[in-house]
Amino acid sequence: MPELERGERLQIMLNAEELAAVEDFRFQRRMPSRASAVRELLRRGLAAEGFIEASAGAKSQDFGVLDHNGSGDPDSA
């Protein structure tokens, strides 16, 4: 298998609840690393429809991993 070249580093900050949600996703799917879980979540997110677009003046703090109910599932809000 050819080796993937990943020359760019992406750093994000998560609060404890958000990190726990990523870790839960990872372990439920038996993913080998936190990075692989985040890449899978990004792949799914980029393929998703029906997301909210950022409005003018939006700040990074306006975007979280979890919804108000803490489930991370927008349909269960």
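Reader: Why is Arg26 called buried?

Author: In this predicted model, Arg26 has a relative accessible area of 16%. Buried means under 20%, so Arg26 is buried.

Reader: What makes Arg26 and Glu23 a salt bridge?

Author: The closest N and O atoms of Arg26 and Glu23 are 3.7 Å apart. The cut-off is a side-chain nitrogen of Lys or Arg within 4 Å of a carboxyl oxygen of Asp or Glu, so the pair counts as a salt bridge. Because Arg26 and Glu23 are three residues apart in helix H1, about one helical turn separates them.

Reader: Is Glu23 buried or exposed, and how do you know?

Author: Glu23 has 14% relative accessibility. The limit for buried is under 20%, and Glu23 therefore counts as buried.

Reader: What makes Arg34 a salt-bridge partner of Glu23?

Author: The closest N and O atoms of Arg34 and Glu23 are 2.7 Å apart, and the rule asks for a distance within 4 Å. This pair links distant parts of the chain, with Arg34 in helix H2 and Glu23 in helix H1, 11 residues apart.

Reader: Why is Arg34 called partly exposed?

Author: Arg34 has 43% relative accessibility. Buried is under 20% and exposed is over 50%, with partly exposed in between, so Arg34 counts as partly exposed.

Reader: How do you know that Glu40 and Arg44 form a salt bridge, and where do they lie?

Author: The N to O distance between the side chains of Glu40 and Arg44 is 2.7 Å, and the cut-off is within 4 Å. Both residues lie in helix H2, four residues apart, about one turn of the helix. Glu40 has a relative accessible area of 15% and is therefore buried, whereas Arg44, at 40%, is partly exposed.

Reader: Why are H1 and H2 called roughly perpendicular?

Author: Their axes cross at roughly 95° and come within 9 Å. Angles of 65 to 115 degrees count as roughly perpendicular, so H1 and H2 are given that description. Where the two helices meet, Leu19, Val22, Glu23, Phe25 and Arg26 are the residues from H1, and Arg34, Ala37, Val38, Glu40, Leu41 and Arg44 are those from H2.

Reader: What makes Asp24 partly exposed?

Author: Asp24, found in helix H1, has a relative accessible area of 45%. The C-alpha atoms of Asp24 and Ala37 are separated by 9.7 Å, and the two residues are 13 apart along the chain.

Reader: Why is Arg30 called exposed, and what is its phi?

Author: Arg30 has 77% relative accessibility. Exposed means over 50%, so Arg30 counts as exposed. Arg30 is found in the loop between H1 and helix H2 and has a positive phi of about 50° although it is not a glycine. Most residues other than glycine have a negative phi.

Reader: Which residues make the nonpolar surface patch?

Author: Leu10, Ile12, Leu14, Leu42, Leu46 and Val65 make this patch, with an area of about 600 Å². Of these, Ile12 is found in the segment before helix H1.

Reader: What is the secondary structure of the chain, and how many of its residues are buried?

Author: The chain has two helices and zero strands. Buried residues make up 12% of its 77 residues.

Methods. Residues numbered from 1 in each chain as written. Predicted model: local features only at pLDDT ≥ 70, side-chain atom pairs only at ≥ 80, totals over all residues. Heavy atoms only, no water. Patch = residues over 30% accessible without salt bridge, like charges linked within 9 Å, V, L, I, M, F, W, Y side chains within 5 Å. Areas by Shrake-Rupley, 256 points an atom, 1.4 Å probe, with all protein chains shown as cover. Buried < 20%, exposed > 50% of the residue type's maximum accessible area, 1.4 Å probe, protein only. Axes fitted to C-alpha atoms, helices over the stretch in contact; angles between N-to-C directions. Parallel < 35°, antiparallel > 145°, perpendicular 65-115°, else oblique. Contact = heavy atoms within 4.5 Å.
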